[in-house]
Amino acid sequence: MKALLRFFGLADAQDPVDRPFTPPASAATVIGPGITLKGELQGEGTLTVLGQFEGDIVLNGSLHVGPEAQVDANITATAIVVAGVVRGNLSADTRVDILPTGSLTGTVKSASFAAADGANVKGEIWVERPAAVASRPTP
């Protein structure tokens, strides 16, 4: 659909999903290329994975998965951006973005979900409003 909108000049040029992966400069923690970790990660701030991780990630912040990264994990974070390969269940408070080089196999629960042209997504997607918005009575 995005390709059709771009063809007619109607697509948003600033669509964040269509941009190439750029690791955030503010990432407090980086799992570098060539590094393999297994276990459970919990914490706050921004985490960037450029290597391999297997286990569970619980993060009060954003998770960025680089284009060469492989993550086999159940992930809970504020926001998740995938440019590499992720297998597992994802839960994000605000958004999940799958970039053109990204591949996701699993279940997503988030307030917002976007997948770029070229992204590979297999699984279930649950897009739900945040609890504060969903609980407001309708007039």
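Arg87 is partly exposed, at 37% relative accessibility. Here buried means under 20% relative accessible area, exposed means over 50%, and partly exposed lies in between, computed with a 1.4 Å probe on protein chains only. The model is predicted, so local features need pLDDT of at least 70 and side-chain atom pairs count only at pLDDT 80 or more, while totals for chains, interfaces and linings use all residues. Residues are numbered from 1 along each chain as its sequence is written, and side-chain values use heavy atoms, with hydrogens and water left out.

What does Arg87 form a salt bridge with? The partner is Asp72, and the closest N and O atoms are 2.6 Å apart. A salt bridge is a side-chain nitrogen of Lys or Arg within 4 Å of a carboxyl oxygen of Asp or Glu. Asp72 lies in strand β6 (residues 70–82) and Arg87 in strand β7 (residues 85–87), so the pair ties together parts that are 15 residues apart in sequence. Strands are DSSP runs of E with at least two residues, numbered from the N terminus. Asp72 is partly exposed, with a relative accessible area of 26%.

The count of salt bridges comes to two. Asp97 and Arg95 also meet in one, at 2.8 Å from N to O. Is Asp97 buried or exposed? Asp97 is buried, at a relative accessible area of 4%. Arg95 is partly exposed, at 31%.

Now follow the strand pairing. Two strands pair if DSSP finds at least two bridges between them. Strand β8 covers residues 90–98 and runs parallel to β6, with seven bridges joining the two. On this side, Ile75 stands opposite Leu90 in β8.

Strand β9 (residues 103–110) pairs with β8 in the parallel sense, over three bridges. Ser91 has Lys109 in β9 as its bridge partner. Strand β10 (residues 113–115) is joined to β8 by three bridges, and these two strands also run parallel. Val96 stands opposite Phe113 in β10.

Lys109 has a further contact. Its charged end sits over the ring of Trp126, 5.3 Å from the ring centre. The rule asks for NZ of Lys or CZ of Arg within 6 Å of the ring centre and within 35 degrees of the ring normal.

How many aromatic pairs does a search of the whole structure find? The search finds zero. To pair, rings of Phe, Tyr and Trp (its six-membered ring) need centres within 6.5 Å; planes under 30 degrees apart count as stacked, over 60 as edge-to-face and the rest as tilted.

Methods:
Helix = DSSP H or I, 4+ residues; strand = E, 2+ residues; numbered from the N terminus.
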